[in-house]
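Subject: Structure handover

Hi,

Here is the structure for you to look through.

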Amino acid sequence: MKNGEFEDGSKVLRARIDMASSNINMRDPILYRVAHMTHHNTGDKWCIYPMYDFAHPIEDAIEGITHSICTLEFEDHRPLYDWVVMELGYKNSPEETPKQIEFAKMYLTNVVTGKRYIKKLVEDKIVDGWDDPRLVSIAALRRRGYTPEAIQKFVDLCGISKANSSVDYAMLEYCIREDLKMKRSRMMAVLDPVKVVIDNYPEGETEYLTVENNLENPELGSRQVPFSRELYIERDDFMEEPPKKYFRMFPGNEVRLMNAYFVKCESFEKDENGNITLIHCTYDPASKGGNSPDGRKVKGTIHWVSAAHAKQVTIRLYENIVNEELGVYNEDGSLNLNLNSLTVLDHCMVEPALAEARAYDSFQFVRQGFFCADVKDSEPGQPVFNRIVSLKSSFKL
């Protein structure tokens with residue numbers, strides 16, 4: 001076999017243990033099979049390879065593993081695991097280490113975990129690799145911005161079981177929100193920008209406003225944010241004809257620009273397709289900081305970035321890769337994919353400090369969610385941000 005004299009699958013090497021055993025794994029399990037294939041380390045040197053049940057216990061013993069955690073289908077393989085390790089002299093009884101312990105699988109709702117399915121997603125270029133942020137491999141979770149602390153909290157909440165169970169993906173999202181909300185700076189980013197001009201603000205003037213990085217955690221300090229005559233706000237923060245209880249910007253209404261001034265919408269401009277292209281406002285110089293000396297109140301507060309200082313970045317919004325309403329699998333066993341699992345926004349405007357973000361740096365974008373600088377596609381001074389998770393969820397612990 002080792003000399004390459006036999007074709008693949010024509011010969012195997014078995015260990016005859018106990019042909020009368022009630023456990024089929026302990027009768028004559030296969031140890032080696034013929035496989036003419038190129039190995040990533042040894043090239044074509046070998047044409048025989050060990051079976052998992054033979055290699056696994058030996059590797060554990062050599063590497064000093066004490067407890068090998070497996071899923072329930074390997075429970076019948078445990079006697080073979082112990083037999084191999086004892087026959088090779090690494091332990092004297094099944095109770096000694098290394099030892100195998102089986103626990104149930106924990107499934108997440110509406111995610112793809114099967115290796116064969118993920119492999120097909122990669123080959124069909126539906127995802128950009130095994131670390132695509134829509135997947136739940138460790139590499140994918142890390143690239144998306146999930147922290148070790150959040151994953152550990154999730155596992156602690158789920159617990160360990162001998163019975164297969166399914167956990168709502170929203171619990172994992174809850175854990176990352178809980179981990180990041182006190183640790184990360186709250187920055188301003190406008191994902192769908194429309195320009196605002198404050199007509200009575202001095203042209204060419206820039207002032208820097210002191211903004212707390214995280215109101216719930218003063219230890220994160222503060223930063224200086226530029227403010228000028230022309231700003232960007234979110235397009236859905238303005239409506240020409242608002243419904244009742246709409247407290248953001250519309251003609252004649254006064255709103256608060258976060259950490260800045262009260263502004264009042266005076267007029268707006270449209271293009272030939274009816275899209276809002278420019279909003280004209282006036283501001284109250286006495287309301288600096290977001291409060292008016294005369295005590296008048298405004299119900300709406302919106303975020304913004306200075307147009308003269310904003311940095312244009314790409315932001316990617318992720319949803320579940322499978323259709324939540326129809327389930328993970330179709331009747332034929334194929335994946336029921338969500339065609340809107342990725343939305344790429346190329347013209348987002350962010351405050352200048354965010355342009356310096358490096359790979360894996362994460363932030364809370366005010367009113368948008370938590371975002372992480374992508375490790376693959378970010379360039380110096382030009383980060384690409386992945387949305388880790390939105391701010392709100394229906395999940396309750």
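This is a predicted model: local features need pLDDT of at least 70, side-chain atom pairs count only at pLDDT 80 or more; totals for chains, interfaces and linings use all residues.

Residues are numbered from 1 along each chain as its sequence is written, and side-chain values use heavy atoms, with hydrogens and water left out.

Salt bridges

Side chains of opposite charge can pair when their charged atoms come close. The rule used here asks for a side-chain nitrogen of Lys or Arg within 4 Å of a carboxyl oxygen of Asp or Glu. It gives 29 salt bridges.

Arg14 pairs with Asp28, with 3.7 Å between the closest N and O atoms. This pair links distant parts of the chain, 14 residues apart: Arg14 is in strand S1 (residues 12–14), and Asp28 is in the loop between S1 and strand S2 (30–34). Helices (H or I, at least four residues) and strands (E, at least two) are DSSP runs, numbered from the N terminus. Arg14 is partly exposed, at 45% relative accessible area. Asp28 is partly exposed too, at 25%. For these labels, buried is under 20% relative accessible area, exposed is over 50%, and partly exposed is in between (1.4 Å probe, protein chains only).

Lys105 bridges to Glu73, again with closest N and O atoms 3.7 Å apart. Lys105 sits in the loop between strand S5 (99–103) and strand S6 (106–108), and Glu73 in the loop between strand S4 (67–71) and helix H2 (78–87), so the pair ties together parts 32 residues apart in sequence. Both are partly exposed: Lys105 at 33%, Glu73 at 46%.

Lys181 and Glu178 meet at 3.3 Å, N to O. Lys181 is partly exposed at 29%, and Glu178 is partly exposed at 31%.

There is also a network of salt bridges. It links Asp128, Asp131, Arg143, Arg316, Asp374, Lys376 and Asp377.

Largest pocket

A 1 Å grid over the protein atoms alone was used; a pocket is an open set of points where a 1.4 Å probe fits, with protein on both sides within 12 Å along at least five of seven lines, and lining residues have an atom within 4 Å of a point. The largest pocket holds about 1,200 Å³. Grid points are joined across faces, edges and corners, and the volume is the space filled by probe spheres set on them. Of its 35 lining residues, Thr71, Lys105, Met106, Tyr107 and Thr113 are the closest to the centre. Two or more lining residues come from each of S4, S6, helix H3 (115–123), helix H4 (138–144), helix H5 (148–158) and strand S7 (165–167).

Strand S13

Strand S13 (residues 230–234) is largely enclosed by the rest of the structure, because 4 of its 5 residues are buried. Strand S10 (residues 193–198) pairs with S13 in the antiparallel sense over 5 bridges. Pairing takes at least two DSSP bridges between the strands. Strand S18 (residues 305–306) also runs antiparallel to S13, joined by 2 bridges. Tyr232 in S13 stands opposite Lys195 and opposite Val305 in S18.

Glu212

Glu212 lies in strand S11 (residues 206–212). Glu212 is partly exposed at 38%. Leaving aside residues up to four places away in sequence, Glu212 touches Gly221, Ser222 and Arg223 (contact means heavy atoms within 4.5 Å).

Best wishes
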